[in-house]
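Subject: Structure for you to look at

Dear colleague,

I am passing on the structure we spoke about, and below it you will find my notes on what turned up in it. Please read them with the structure open beside you.

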Amino acid sequence: SKGGNLKEGIEQIRNERFDVVLLDLNLPDSMGQATFEKLHSSFPEIPIILTSGMEDEKLALKLIELGAQDYINKSNITSRIIEKSILHSVERNKLLISLQKSEEFTQRIISSSNDCIKELDLKGNLLSMSEGGQKSMEIDELEP
């Protein structure tokens, strides 16, 4: 669906279900990074593909780091490029959601385990420990 400005686009997304959003970074009521940030913070679960006539690859890379799925320069747009970007963005978003759910499930299991399970960083620093591990450490500290 085509919106004239960011405010109208956000209203459409609130009222309808969208699998992906093609977002022009230069709208009458918002420009550049602020345009992406407003939309992404309102709908973090929807993949966003950025489009712009500006050739600012530095900005595009920054916005991809902040959560955008892809960036297409308007001067290079073809239906094939859009189709490919949409397909990849939707699939990548599904994988990210699945990974996030898996990590949340694993964290719930680890945190509630009666076994001593520790999560360490690459240097061996303790990041987290299961409830069972915390209890066993408390018991160890109490025993002479």
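How do the residues of the lining of the second largest pocket divide into nonpolar, polar and charged? Please keep in mind that this is a predicted model. The lining of that pocket divides into seven nonpolar residues, one polar residue and five charged ones.

The second largest pocket itself has a volume of about 210 Å³, and of the 13 residues that line it, R17, F18, D19, E45 and P47 are the closest to its centre. Helix α4, which covers residues 79–112, supplies the largest share of this lining, namely four residues.

The other finding concerns two helices, α1 (residues 6–15) and α2 (residues 33–42), whose axes come within 11 Å and cross at roughly 20 degrees. Because angles under 35 degrees count as roughly parallel, α1 is roughly parallel to α2. The crossing of these two helices is right-handed, and the contact is made by L6, I10 and I13 on the α1 side, and by T35, K38 and L39 on the α2 side.

With best wishes

Technical notes. Residues numbered from 1 in each chain as written. Predicted model: local features only at pLDDT ≥ 70, side-chain atom pairs only at ≥ 80, totals over all residues. Heavy atoms only, no water. Axes fitted to C-alpha atoms, helices over the stretch in contact; angles between N-to-C directions. Parallel < 35°, antiparallel > 145°, perpendicular 65-115°, else oblique. Left-handed = near helix turned anticlockwise from the far one by under 90°. Contact = heavy atoms within 4.5 Å. 1 Å grid on protein atoms, 1.4 Å probe; cavity = no way out; pocket = protein on both sides within 12 Å on 5 of 7 lines; lining within 4 Å. Points joined across faces, edges and corners; volume = space filled by probe spheres on them. Nonpolar A, V, L, I, M, F, W, Y, C, P; charged D, E, K, R; others polar.
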